[in-house]
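Reader: Please take me through one part of this protein closely. I would like to see how two neighbouring pieces pack, and then how that part sits in the whole.

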Amino acid sequence: MTDWHIIAAVCCVGLVAYALRTGGYLTAGLLPADSQAQRFLRLAPANLFVAFVAASCFAGGITNVVGALVALVTMLVTKRQWAGLIMGFVAAALVAILRG
């Protein structure tokens, strides 16, 4: 497989992904505002985020778990996502340094 084939495949996957996303937004816009499906679609990005974080925690071990927990607690206490992100990265880096 040549590089052009790989680039073309990546571009096709990207186009399909954006088309699906656009279709989802358009479909969600047609639903009644207070329907069960509308609420489910609003929760979907958070569910996907949790799935990515859980997979990362299982794959990365204690370093990622500590970083995620510190980020979560910081966000809950400060109500600021950027503070949670910074503290999560710092905690994960400290654990990684301490573990060698």
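Author: Helices here are DSSP runs of H or I with at least four residues, and strands are runs of E with at least two, numbered from the N terminus. With that in hand, the order of elements in this predicted model reads α-α-α-α from the N terminus on. The count is four helices and zero strands. The radius of gyration is 19 Å, well over the 13 Å that the globule rule gives for 100 residues, so the protein is more spread out than a compact globule.

Now the close look. Two packed helices are described by the angle between their axes and the distance between the axes. Helix α2 covers residues 36–60, and helix α3 covers residues 62–78. Their axes lie 6 Å apart, at an angle of about 140°.

Which residues meet? From α2 come Val53, Ser56, Cys57 and Gly60. From α3 come Ile62, Thr63, Asn64, Val65 and Ala68. By class, this contact has five nonpolar and four polar residues. It has no charged residues.

Step back to the whole protein. Its C-alpha atoms fill a box of roughly 50 × 50 × 20 Å along the principal axes. Of the 100 residues, 14% are buried. The protein exposes about 8,100 Å². Carbon and sulfur atoms supply 77% of that area. Last, take the contacts with a separation of 6 or more: residues 24 or more positions apart account for 30% of them.

Definitions and conventions
Residues are numbered from 1 along each chain as its sequence is written. This is a predicted model: local features need pLDDT of at least 70, side-chain atom pairs count only at pLDDT 80 or more; totals for chains, interfaces and linings use all residues. Side-chain values use heavy atoms; hydrogens and water are left out. Axes are lines fitted to C-alpha atoms, for helices over the stretch in contact, and angles run from 0 to 180 degrees between N-to-C directions. Contact means heavy atoms within 4.5 Å. Ala, Val, Leu, Ile, Met, Phe, Trp, Tyr, Cys and Pro count as nonpolar, Asp, Glu, Lys and Arg as charged, and the others, Gly among them, as polar. The radius of gyration is taken over C-alpha atoms; the globule rule is 2.2 Å times the number of residues to the power 0.38. Buried means under 20% relative accessible area, exposed over 50%, partly exposed in between (1.4 Å probe, protein chains only). Accessible areas come from the Shrake-Rupley method with a 1.4 Å probe; for residues, only the protein chains shown count as cover.
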